[in-house]
Amino acid sequence: MQPEFVTLHSPACTAIWEARPDEAPLWRYWGPRLPDGVVPPAPLRDTRPEPSFSLHFDQPLSIFPTMGMGWFGQSALMASRAGQDWAQQITATRAEKIADGVIFHMADDVARISVAITIRLNSATDTLTLSTTLTNMGDDVLEVSFLASGNLPLPADSAHVRSYGGRHNSEFVAIDDALTRSQWRRENRRGLTSHDCFPGAIVSCADGAAYGAQLAWSGNHLQTIEWLDDGRRQWIMGEALAPGEMRLAPGQSMTTPELLATCSADGANGVSWAFHRAIRTRMTWPDGVMKPRPVHLNTWEGFYFDHDLDALKELAEAAARVGIERYVLDDGWFKGRDDDTSSLGDWVVDARKYPDGLMPLARHVVDSGMEFGLWVEPEMINPDSDLYRAHPDWALHIGGRPLLGARNQLVLDMSLPQVRDYLFDAVAQHLRNLPISYLKWDHNRDLTHAGNSAKFRSQVLGSYELMARLRSAFPDVEIESCAGGGGRIDAGVIAHTHRFWTSDCIDAISRVSIQRGFLQFMPPEVMGSHVGACPAHSTGRMQSMPFRAGVALPGHFGVELDLRKLTQTETDDLAATIARYKALRNRLHHGRVWQGEAGDSVVWQAHGDEDQLLLIVTRTAPTTMRHQPHLRLDMVDPARRYRLMRDGAAPVDMDGAWLARMGLPLPPMKGEEVLVYELAAR
Ligand code: GLA
């Protein structure tokens, strides 16, 4: 039977499947754009010679490989009905074309499941979006222990994978692994996205192409790359389910989180450009468009739990003077919250600290010309709280097991409607009664003892539902996703939020690599980047104000220190960077971002397009060379000349070809210094 070749093109990518009505579509190609009309030279089904000691039935990589019937790689589904129907194989497939993609409707008549895999290739973003819906067509419960969001092919020259690990205060630690014939796997079971294991990776190939994938999910996840008999590799990614977590009743369906995947002949920078565009399309802004990202002030590191109304008002005045536009009152404002041992769950204003409520401070902030924002941590509860005393059963627990504390807190069971209703009302009353236009939404611990039957998945869905409900009731309010810094940075939660708090580590040297990892997957306008105090609270290291401000400049800029304690020079330097940020933010936050390394502790990033670029050059340690390295800027147009402008230096004109091949000569730089260039094509 002749197959149908199903092809999707975007400007930079192509995907091709070989589809037949009686099996899962075979992956024929996913990679940089092929010309229109290119088809595989021959079908793959039954054309490959049979190797020795092999099944007569050949099983090439499909979009839904399953175990038991001739596939020996990773299975997209692990499921059984009390031990039966553990082997699945698609027996019927129908391809339904949709606007920018295809839905493969599949069924296994023997194991009695139906599977629909929706794949879109967005022309504006060059990103594939995959998700899988599984329906139990049998008469008994189908217990699912894994269902992939997507299963992707990687070419035979895929050589390295970069993933990201870390911990609180140290997010986006790059982990570089060679791809061999051994299996490569990253898995997170902390119950939220985690600091420790970002749900995505970048694969680079010998020919310079790169492939990227990230899961739009704020819970447990896993990804595996495995070598295949034909030399290609299989990259499978999905939610990591706990035992018994997904039991589908007859007729019941489950749909996976979406997997975003892209590839680029231009390497990792091409991948991030696609991801940035994809993330931008997933976001919903108040009034439909992103307004220029306001300069933040966050009270946390300047004040911690020490809320003194007069001091906080003085802070607002000092903030307005340096040009700050949004004032976020962090942890410590609610009843009895003097440290991290109590009160989470009791979202009423502390009358000792705020005898007339929050309105006097909020008014003062708004009257000073700034927006007012408030910190909340809705999913959390301290055992020492009125809420816990009234509803101990609302905290996630396993009967007979101890409650494991972390930062003295427990996690509310977000699958319970009464919990979500309580939290909605608790937050909504402040949004209704105060001029609040921003919520910083925190989540300061991992999930453990997540219910007598595991509730990791329903926890994530419950949080999303609460966020969506608050967004719909208060559409003008923006939300920041925070989890002890960068513990909830992912393409799932961004559909409900507008900014990530990238890390609790505001040390500018640490931030350089954290931000570089972040920018691989997320665009700069959602990267919360603050100027912290000196010495940095998380590391004790000291950096100058211009360096701290320069490192924070390209993201969503903010300040997190007691402005009243700065020297006049520091205040002036900070105000100058704020003014510069305001002048540049529209250029920093709308175009493309390229990142590169020059060696000798110099890294760079360029924002914009081939006509106009902002180039930010960062030196993180003193040079070891007599002369500074050149920066090769291979994104400029080699056919044009560029004018380069930098503060304190005369403009110079250089050929694009020279910048791309020989590189930009750098002036002498201090051990910790940021230079900003503007490049304009002539
Ligand atoms: C987390 C956040 C911080 C701050 C504190 C408040 O650690 O990442 O920015 O909001 O909680 O307790």
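Start with the cysteines: the disulfide count is 0, where a disulfide is a pair of cysteine sulfur atoms within 2.5 Å. This is a predicted model, in which local features need pLDDT of at least 70 and side-chain atom pairs count only at pLDDT 80 or more, while totals for chains, interfaces and linings use all residues. Residues are numbered from 1 along each chain as its sequence is written, and side-chain values use heavy atoms, with hydrogens and water left out.

**Stop 1: C13 and C263**

Select C13, which is in no disulfide; the nearest cysteine sulfur belongs to C263 and is 3.5 Å away. C13 is buried, with a relative accessible area of 1%; buried means under 20% relative accessible area, exposed over 50%, and partly exposed in between, using a 1.4 Å probe and protein chains only. C263 is also buried, with a relative accessible area of 1%.

**Stop 2: the sheet β1-β2-β3**

Stay with C13 and colour strand β2, residues 13-20. Strands here are DSSP runs of E with at least two residues, helices are runs of H or I with at least four, and both are numbered from the N terminus. An open sheet of 3 strands has the order β1-β2-β3, with antiparallel pairing; two strands pair if DSSP finds at least two bridges between them. Its edge strands are β1 (4-9) and β3 (23-32), each pairing on one side only. On average, neighbouring strands of this sheet are turned by 20 degrees against each other, direction ignored. For such angles, axes are lines fitted to C-alpha atoms, for helices over the stretch in contact, and angles run from 0 to 180 degrees between N-to-C directions. β2 and β3 pair in the antiparallel sense over 7 bridges.

**Stop 3: the tryptophans**

The structure holds 21 aromatic pairs; rings of Phe, Tyr and Trp (its six-membered ring) pair if their centres lie within 6.5 Å, and planes under 30 degrees apart count as stacked, over 60 as edge-to-face and the rest as tilted. W333 and W347 form a tilted pair, 5.9 Å centre to centre with 35 degrees between the planes. Both W333 and W347 lie in the loop between β21 (326-329) and α4 (359-367), 14 residues apart. W333 counts as buried because its relative accessibility is 0%, and W347 counts as buried at 3%. W347 and W375 form an aromatic pair that is also tilted, at 6.2 Å centre to centre and 55 degrees between the planes. This pair links distant parts of the chain: W347 in the loop between β21 and α4, and W375 in strand β22 (residues 371-376), 28 residues apart. W375 is buried, with a relative accessible area of 1%.

**Stop 4: other rings**

Which residues do ring pairs link into a cluster? Select Y164, F172, F198, F275, F500, F518 and F521 to display them. Then move to F424: the charged end of R469 sits over the ring of F424, 4.3 Å from its centre. A charge sits over a ring if NZ of Lys or CZ of Arg is within 6 Å of the ring centre and within 35 degrees of the ring normal. At W501, the charged end of R511 sits over the ring, 4.8 Å from its centre.

**Stop 5: the annotated positions**

Select D442 and D504, where UniProt (unreviewed entry) places the feature "active site". UniProt positions are given in the numbering used here, feature names are shortened, and annotations may be inferred rather than shown by experiment. The two positions are spread over 63 residues of sequence but cluster in space, with a largest C-alpha distance of 11.6 Å. D442 is in the loop between β25 (436-441) and α7 (456-473). Is D442 buried or exposed? D442 is buried, with a relative accessible area of 5%.

**Stop 6: strand β32**

End at β32 (residues 612-619), where 7 of the 8 residues are buried, so the strand is largely enclosed by the rest of the structure. Strand β31 (residues 602-608) pairs with β32 in the antiparallel sense over 7 bridges, and these two strands form a hairpin with 3 residues between them. Select G608 to find L613 of β32 opposite. β32 also pairs with strand β37 (residues 673-681), in the antiparallel sense over 8 bridges. For a bridge of this pairing, select Q612 and its partner in β37, A680.
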